[in-house]
Amino acid sequence: MAAKWAQKTVVIPAQRRGCHLITPKILREIEGDLSGFKCGLAHLFLQHTSASLTINENYDSDVQADTETFLNRIVPEGRSAPWKHTLEGPDDMPAHIKSSMFGCALTIPITDGHLNMGTWQGIWLCEHRDNASSRKIVITLNGV
């Protein structure tokens, strides 16, 4: 069996600020390629610095809301915030910090044509801006 690669850029439409479960969208976009892998890795890379990717609870949306509440409490915003970078608005620097906290990349094992995640795990796009644009995620599949 020779190793193979597949790559696709998935566009996520603009989302409101918060954490959004995007697993179904990702799976719809890559299912044709994913099914051809017996064993491998899926690498997801978000091409933005004011949003992030993470894996977390896929069942109870309260987890998404609580995560957003947590992020907003630990990264201050507004006039009293100490940030120098405000060129793109008062939510921009806090968005960069939140993005760095969660990161912009995920690696997920592929087993028998499926992403091998736990029962309650889902892929989240965390949008950290008030007025975001669409977001691009480059998904690279590698394996046999």
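## A first look around

Guide: The chain folds into three helices and eight strands. Keep in mind that this is a predicted model.

Visitor: In what order do the elements of the chain run from the N terminus on?
Guide: They go β-β-α-β-β-α-α-β-β-β-β.

Visitor: What does the C-alpha trace span along its principal axes?
Guide: About 60 × 30 × 20 Å.

Visitor: And how much of the chain is buried?
Guide: Of the 144 residues in the chain, 41% are buried. The accessible surface comes to about 8,000 Å², and carbon and sulfur atoms account for 53% of that.

Visitor: How many of the contacts join residues at least 24 apart?
Guide: Counting contacts between residues at least 6 apart in sequence, 85% of them do.

Visitor: Let's switch to helices. What's around α3?
Guide: Helix α3 covers residues 92-102. Its buried residues are Asp92, Pro94, Ala95, His96, Lys98 and Ser99. The cover over those buried residues includes β4 (51-57) and α2.

Visitor: Take serine 99 then. Why does it count as buried?
Guide: Serine 99 counts as buried because its relative accessibility is 6%, and the cut-off for buried is under 20%.

Visitor: Which residues is serine 99 in contact with?
Guide: Leaving out neighbours within four places in sequence, serine 99 is in contact with His48, Thr49, Ser50, Ala51, Ser52 and His128.

Visitor: What comes just after α3?
Guide: There you'll find glycine 103, with a positive phi of about 95°.

Visitor: Okay, surface now. Which residues make the nonpolar patch?
Guide: Phe70, Ile74 and Met101 make a nonpolar surface patch of about 270 Å². Isoleucine 74 belongs to helix α2, residues 61-74.

Visitor: Is isoleucine 74 buried or partly exposed?
Guide: Isoleucine 74 is partly exposed, since its relative accessible area is 41%.

Visitor: New topic: charges. How many positive and negative side chains are there?
Guide: There are 14 positive and 15 negative side chains, and the centres of the two sets are 5 Å apart.

Visitor: And how many salt bridges does a search of the whole structure find?
Guide: It finds 11 salt bridges. One of them pairs aspartate 112 with lysine 38, with 2.5 Å between the closest N and O atoms.

Visitor: Where do those two sit?
Guide: Aspartate 112 is in the loop between β5 (105-111) and β6 (114-115), while lysine 38 is in the loop between α1 (23-34) and β3 (39-46). The pair links distant parts of the chain, 74 residues apart. Aspartate 112 itself is partly exposed, at a relative accessible area of 46%.

Visitor: What about glutamate 77? Which residue does it form a salt bridge with?
Guide: Glutamate 77 pairs with lysine 98, and their closest N and O atoms are 3.4 Å apart.

Visitor: Which residue meets arginine 129 in a salt bridge?
Guide: Glutamate 88 does, with a distance of 3.9 Å from N to O. Arginine 129 is in the loop between β7 (121-127) and β8 (135-143), and glutamate 88 is in the loop between α2 and α3, 41 residues apart. Arginine 129 is buried, with a relative accessible area of 13%, but glutamate 88 is exposed, at 52%.

Visitor: Which residues do shared partners join into one network?
Guide: Salt bridges with shared partners join Arg17, Glu68, Glu77, Lys98 and Asp130 into one network.

Visitor: Last stop: where is glutamine 15?
Guide: Glutamine 15 is in the loop between β1 (4-12) and β2 (18-21). Glutamine 15 counts as partly exposed, at 25% relative accessibility.

Visitor: And what does glutamine 15 touch?
Guide: Not counting residues up to four places away in sequence, glutamine 15 touches His20, Leu125, Glu127 and Ala132. From glutamine 15 to valine 75, the C-alpha to C-alpha distance is 20 Å, and the two are 60 residues apart in sequence.

Definitions and conventions
Residues numbered from 1 in each chain as written. Predicted model: local features only at pLDDT ≥ 70, side-chain atom pairs only at ≥ 80, totals over all residues. Heavy atoms only, no water. Helix = DSSP H or I, 4+ residues; strand = E, 2+ residues; numbered from the N terminus. Buried < 20%, exposed > 50% of the residue type's maximum accessible area, 1.4 Å probe, protein only. Contact = heavy atoms within 4.5 Å. Areas by Shrake-Rupley, 256 points an atom, 1.4 Å probe, with all protein chains shown as cover. Lys, Arg positive; Asp, Glu negative; His and termini not counted. Charge placed at Lys NZ, Arg CZ, Asp CG, Glu CD. Patch = residues over 30% accessible without salt bridge, like charges linked within 9 Å, V, L, I, M, F, W, Y side chains within 5 Å. Salt bridge = Lys/Arg side-chain N within 4 Å of Asp/Glu carboxyl O.
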